[in-house]
Amino acid sequence: MQADRFQLTTIMAQQREIAELGNPVLRQKAKNVEDISETEIQELIDDLIITASEANGVGIAAPQISESLRIFIIAGVSSTRYPDVPELETKVIINPEIISTSDEMEKGWEGCLSIPGIRALVPRHKSVRTVYRDRNNNLVEECFSNFTARVFQHEYDHINGVVFLDRVENPREIITEKEYMKLVIQSHPSEEQE
Ligand SMILES: [Zn+2]
């Protein structure tokens, strides 16, 4: 693993243990980050990038590594868990707000590093307009659509103590990863979602 590949800024980055469903930290509303330039915050960001990468996640939020702060990552590397997802630029999202959402909703498959072995169909807004701080404290306004909008909404839920199972409309649309791999990837490879 090369630090420059991940654009890490600290040397202490480490893979962190992922909190799983049942851990109260996943149900807390996370706090805003006051000073993004703090070393502890920059190290936390690097830990998130490394942990998402090692777990083959497309995103991870700070509460998932037991840090109740409003930070999440949309991972920038292609993932074996999501082989059809195009390579994305890694985005560090801090203190985000969703300004507006499309009326149009779309159901897609999601999984979560904190809920291993499970996939479910989750309705999400097809696009979201957001404002957030990046790791250099720049204010960024950005519109996300389709897959990245889904990841954004999934991770945004995490910093509000919400998990994707809370948004499932029909419990029959919750399946195991093994059955998901059989049903979805083999029969409709282009439909794989977050
Ligand atoms: Zn998740």
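## Asn146 and the basis of the model

N146 is partly exposed, because 14 other C-beta atoms lie within 10 Å of its own. On this scale a residue is buried with 20 or more other C-beta atoms within 10 Å, exposed with 12 or fewer, and partly exposed in between, the C-beta atoms being placed from the backbone. N146 belongs to helix α2 (residues 146-158), and its phi is positive, about 55°, although the residue is not a glycine.

The model is predicted: local features need pLDDT of at least 70 and side-chain atom pairs count only at pLDDT 80 or more, whereas totals for chains, interfaces and linings use all residues. Residue numbers start from 1 along each chain, following the sequence as written.

## Overall organisation

The protein contains three helices and eight strands. Along the sequence, the pattern reads α-β-β-β-β-β-β-β-α-β-α.

Of the 194 residues, 34% count as buried.

Helix α1 covers residues 39-54. Its 16 residues should span 22 Å at 1.5 Å a residue, and the end C-alpha atoms are 22 Å apart, so the two values agree; the expected span is 1.5 Å times one less than the number of residues. Residues I41, L44, I45, D46, D47, L48, I49, I50, T51, A52 and S53 of this helix are buried. Their cover includes β1 (59-61), β2 (71-74) and β3 (91-101).

The segment before α1 holds P24, which is exposed because 11 other C-beta atoms lie within 10 Å. The C-alpha atoms of P24 and P63 are 9.6 Å apart, although 39 residues separate the two along the chain. After α1 comes N56, which has a positive phi near 60°.

## The five-stranded sheet

Five strands form an open, antiparallel sheet in the order β1-β2-β3-β6-β7. Its edge strands, β1 and β7 (139-145), each pair on one side only; two strands count as paired if DSSP finds at least two bridges between them. From one strand to the next, the twist averages 40°. Helix α1 packs on this sheet, touching β1, β2 and β3, and its direction makes about 40° with that of β2. Axes here are lines fitted to C-alpha atoms, for helices over the stretch in contact, and angles run from 0 to 180 degrees between N-to-C directions.

Strand β6 (residues 127-133) runs antiparallel to β7 and is joined to β7 by seven bridges. T130 stands opposite E142 of β7. Within strand β3 lies N95, a residue with a positive phi of about 45° although not a glycine. N95 is partly exposed, since 19 other C-beta atoms lie within 10 Å.

## The three-stranded sheet

A further open sheet has three strands in the order β4-β5-β8, with antiparallel pairing. Here the edge strands are β4 (105-112) and β8 (174-176), each pairing on one side only. The twist averages 25° between one strand and the next.

Three bridges connect β5 and β8 in the antiparallel sense, and A120 stands opposite I174 of β8. Helix α2 lies across β4 and β5, at about 110° to β5.

In soluble globular proteins, nonpolar side chains tend to be buried together. The largest nonpolar core in this model has 36 residues, and those with the most contacts inside it are L48, A62, F72 and I73. Each of α1, β1, β2, β3, β5 (115-125), β6 and α2 supplies at least two residues of this core; the largest share, seven residues, comes from α1. Such a core is a set of buried Ala, Val, Leu, Ile, Met, Phe, Trp, Tyr and Cys residues joined through C-beta atoms within 7 Å.

Leaving aside neighbours within four places in sequence, I73 is in contact with L48, I49, A52, G59, I60, T90 and V92.

Key:
Helices (H or I, at least four residues) and strands (E, at least two) are DSSP runs, numbered from the N terminus. Two residues are in contact if their C-beta atoms, placed from the backbone, lie within 7 Å.
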